[in-house]
Amino acid sequence: MTDLSTALALLASAFLGTAVVIANVGLRYLDPARGALVSIPTTTAFFLLLAPFLFRGEGWNTTALVIFAVVGLIFPALVTFLNFASNRLTGPTVAGTISSTTPLFAVLGAILFLGESLSPAAAAGTAVIVLGVVALTARGAGPPRAWAAWVILLPLAGAAIRGGAQAAVKGGLALWPDPFVAVLVGYTVSSVMIFAGNRAFVPSTHASLDRRGVFWFMVVGICNGLGMLSMYAALNRGQVSVVSPLVATYPMFTLALSAMFLREERFSPRVLLGVVLTVAGVVVLARA
C-alpha cells in the first residue's frame, strides 16, 4: 500500500474518532435519532456544495453506481443510529473501541467477495481484537457497569455493517474509481432513508430542536463526511485488509479527546485493557 493511502486511512481515523466524541457532546441536547436527522443531511449538503469542484464524471459505471446506492441504504444511516445509541449507553471510549472490530467483518468480506488473502499476522490481529472485546464486556470485580451486556450488540452490529460496506465499496471502486462519487451517492441515499424512517425512529414529541444539539451534530456530520471521503480514497488505492485496520485505530483519537474534554468518562483498568488489546490487534493487522 502506498504512503498516500496509509496517510488517507489515518486521516480518516482522526476524523472518525473526533466525530465519536463530538457526537457524545451533542447527545446532551438531542436524542440519537434527531442527531442523525441533522448529521447525515448536513454531510450530504456539504458534499453537494463540493460537487462542482470534485465531481468529474469520468469512467461512469452503472453497476458501481448501484453498489454505492445499495450501500447507502444501510450505511451510514443505520450505522449512525447504532453508533449514537451505543455512545449514549456505553460512553464514547467503549463504543469506539468495540466498533474497531470493523476489520473483522471487512476482511471477511474482502476474502469472500474480493479474493483478498488472510495472512497469519492478520489472523493473529483478529484474535487479539476479539480478546479486547471480551475484556470490555466481561464483568470485573469492581463496581458494576451502568449498561446491560446486550448493549454490546449495538456497536458490534454497526461494525458488521460498516465492514461489509467497506468491502462492497471497494468492489464498486474497482469498477468506477471515484471516491467522491461513492461517498456522495451513499450519503444522498442515506439522507433519503433517514427522512423516510423519520416516523419510525424519531420520538414523537413537539419539543423544538435544541440549537446547541443541531450545531454539534452538524459538526459531527462534517467530520464523518471527511472521514468517509478519506477512507474511500484510501480504499481506492489500497486493500481492504490493510485500510480497514488503519481506519479502525480511531479509538485512540477518541480516547485522547475523551480524556481531555469529557471529564465524566471513566477509564477503569478493564476498559483500558480492552482498548490496549483491541488497538494492539489493529496494529498487527495493519502490519500484516
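A nonpolar core is taken here as a set of buried Ala, Val, Leu, Ile, Met, Phe, Trp, Tyr and Cys residues joined through side-chain atoms within 4.5 Å. In the predicted model, the largest such core comprises 50 residues, of which Phe 68, Phe 75, Val 183, Met 231 and Tyr 232 touch the most other members. Helix α9 (residues 179-196) supplies the largest share of this core, namely 9 residues. When residues up to four places away in sequence are not counted, Val 183 touches Phe 47, Met 228, Leu 229 and Tyr 232. Another core, of 9 residues, lies apart from the largest one and includes Leu 27, Leu 30, Phe 217 and Cys 223.

The packing of helix α1 (residues 3-26) with helix α13 (residues 250-261) was also examined. The axes of the two helices come within 7 Å and cross at roughly 40°, and α1 is therefore oblique to α13. The crossing is right-handed. On the α1 side, Leu 10, Ser 13, Ala 14, Leu 16, Gly 17, Thr 18, Val 20 and Val 21 take part, meeting Tyr 250, Phe 253, Thr 254, Leu 257 and Ser 258 of α13. Classified by residue type, this contact has 8 nonpolar and 5 polar residues, with no charged residues.

Ile 74 is located in helix α3 (residues 62-74). Because its relative accessibility is 41%, Ile 74 counts as partly exposed, the class between under 20% and over 50%. With neighbours within four places in sequence left aside, Ile 74 is in contact with Val 79 and Ile 161. The C-alpha atoms of Ile 74 and Arg 162 are separated by 9.1 Å, although these residues are 88 residues apart along the chain.

Key: Residues are numbered from 1 along each chain as its sequence is written. This is a predicted model: local features need pLDDT of at least 70, side-chain atom pairs count only at pLDDT 80 or more; totals for chains, interfaces and linings use all residues. Side-chain values use heavy atoms; hydrogens and water are left out. Axes are lines fitted to C-alpha atoms, for helices over the stretch in contact, and angles run from 0 to 180 degrees between N-to-C directions. Helices (H or I, at least four residues) and strands (E, at least two) are DSSP runs, numbered from the N terminus. Angles under 35 degrees count as roughly parallel, over 145 as roughly antiparallel, 65 to 115 as roughly perpendicular and the rest as oblique. A crossing is left-handed if the near helix is turned anticlockwise from the far one by less than a right angle, and right-handed if clockwise. Contact means heavy atoms within 4.5 Å. Ala, Val, Leu, Ile, Met, Phe, Trp, Tyr, Cys and Pro count as nonpolar, Asp, Glu, Lys and Arg as charged, and the others, Gly among them, as polar. Buried means under 20% relative accessible area, exposed over 50%, partly exposed in between (1.4 Å probe, protein chains only).
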